[in-house]
Amino acid sequence: MVNKKEIKSLDLSSLTTIGMGIYTVLSIIAVLILVVYILIVGGANVLVANISLVPFIIFGTILYSIIFFFGRGFLYNVLTKKLSCIGFEIEDGRIVKIDTVSTALVFAIIATIAFIFVYVMSVVIVPFMASAILQMLMLTGQIGLAMLMYNLIALLFSPAVTLILIVSTFLLTFVDVLIGVSIYNILTSYLGGIKVELKSGREYTSVESVDAKSAAIIMSVIALVVGVVMSLLLLVINQKLAISALYNIVSSFIGGFIGTFIIVFVYNKISNSLGKLKLELE
């Protein structure tokens, strides 16, 4: 039996907590890989000299994840009061279809608002940093580099470029999500949807677990299709980039599978301690 669901709102507390937990674990994995790489390439002395990067990466990731998940969750809850919610169909514990246009529209608006916020913050912060750097360049006699930096900053903050960046953010996000969701809906007819276990509560429905294998397979195939399309466009522009196109296709598939599997696996493990993601479904 197919059940139609709509995500009316997100529980910001559970979203931020579980998102922060996943990002923290991923940052620790990234740090371990970085430490091994530096140790192999540069040796122990180079590792000791750069060991301060470890807490910076981890705590920076924690701070970023809190802002990222809380901010986007808050925007979703506000937008869904005015726009259509993200809807999906679930059958036998598998998500077999996701609304295309509403999902793409919500994601595009959230991405655009987030970009505008970051852009406004950069307008306030960058000039102070740029002023100090320009003065240093001028004092050291690097006038050409200083002029290049000044012209680049002036170009990035010009009204025309600002408008282009905002419109591009919306359009690219909308098209990217629309294509990804459309491919997902096609694949579910052949591979089945992502398997999830939901538990209904008084107000919220908790995501008890997500099947890592089914999620990784579907997301890797979606990444593969997108990678093939992008690689073909790359070859149309320059046929000498065949190796780069092939690498893009292979890396998209492998990266999509491994990345999705790790994220879902981490969620299933840490959600038992940090709490499940909670959604208000209708």
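How far apart are Tyr-64 and Phe-68 in helix α3? They are 4 residues apart, so about one helical turn separates them. The views below are of a predicted model, in which local features need pLDDT of at least 70 and side-chain atom pairs count only at pLDDT 80 or more, while totals for chains, interfaces and linings use all residues. Residues are numbered from 1 along each chain as its sequence is written, and side-chain values use heavy atoms, with hydrogens and water left out.

**View 1. The protein chain has 8 helices and 6 strands.** Helices (H or I, at least four residues) and strands (E, at least two) are DSSP runs, numbered from the N terminus. Along the sequence their order is β-α-α-α-β-β-α-α-α-β-β-α-α-β. Of the 282 residues, 33% are buried, where buried means under 20% relative accessible area, exposed over 50% and partly exposed in between (1.4 Å probe, protein chains only).

**View 2. Six strands close into a barrel in the order β1-β2-β3-β4-β5-β6, with antiparallel pairing.** The twist from one strand to the next averages 50°. Two strands pair if DSSP finds at least two bridges between them. Strand β1 (residues 2-10) is joined to strand β2 (residues 86-91) by 6 bridges in the antiparallel sense. Asn-3 has Ile-90 of β2 as its bridge partner.

**View 3. Helix α3 (residues 53-79) lies across β1 and β2.** The helix runs at about 110° to β1. Axes are lines fitted to C-alpha atoms, for helices over the stretch in contact, and angles run from 0 to 180 degrees between N-to-C directions. Helix α7 (residues 212-237) lies across β3 (94-98), β4 (194-200) and β5 (205-210), at about 130° to β4.

**View 4. Tyr-23, Tyr-64, Phe-68 and Phe-69 make up one aromatic cluster.** Rings of Phe, Tyr and Trp (its six-membered ring) pair if their centres lie within 6.5 Å; planes under 30 degrees apart count as stacked, over 60 as edge-to-face and the rest as tilted. The count by this rule is 8 aromatic pairs. Tyr-64 and Phe-68 form a tilted pair, because their ring centres are 5.6 Å apart and their planes at 35°. Tyr-64 is partly exposed, with a relative accessible area of 46%.

**View 5. Ser-65 and Asn-77 are two buried residues of helix α3.** The relative accessible area of Ser-65 is 0%. Beyond its neighbours within four places in sequence, Ser-65 is in contact with Gly-19, Met-20, Tyr-23 and Phe-70, contact meaning heavy atoms within 4.5 Å. For Asn-77 the relative accessible area is 14%. A polar atom of the Asn-77 side chain lies 2.7 Å from the backbone nitrogen of Leu-10. Not counting residues up to four places away in sequence, Asn-77 touches Ser-9, Leu-10 and Leu-12.

**View 6. Asp-92 sits in the loop between β2 and β3.** Although not a glycine, Asp-92 has a positive phi of about 55°. Most residues other than glycine have a negative phi. Asp-92 counts as exposed because its relative accessibility is 66%.

Terms used:
Polar contact = N/O pair within 3.5 Å; in protein donor to acceptor, adjacent residues only side chain to side chain.
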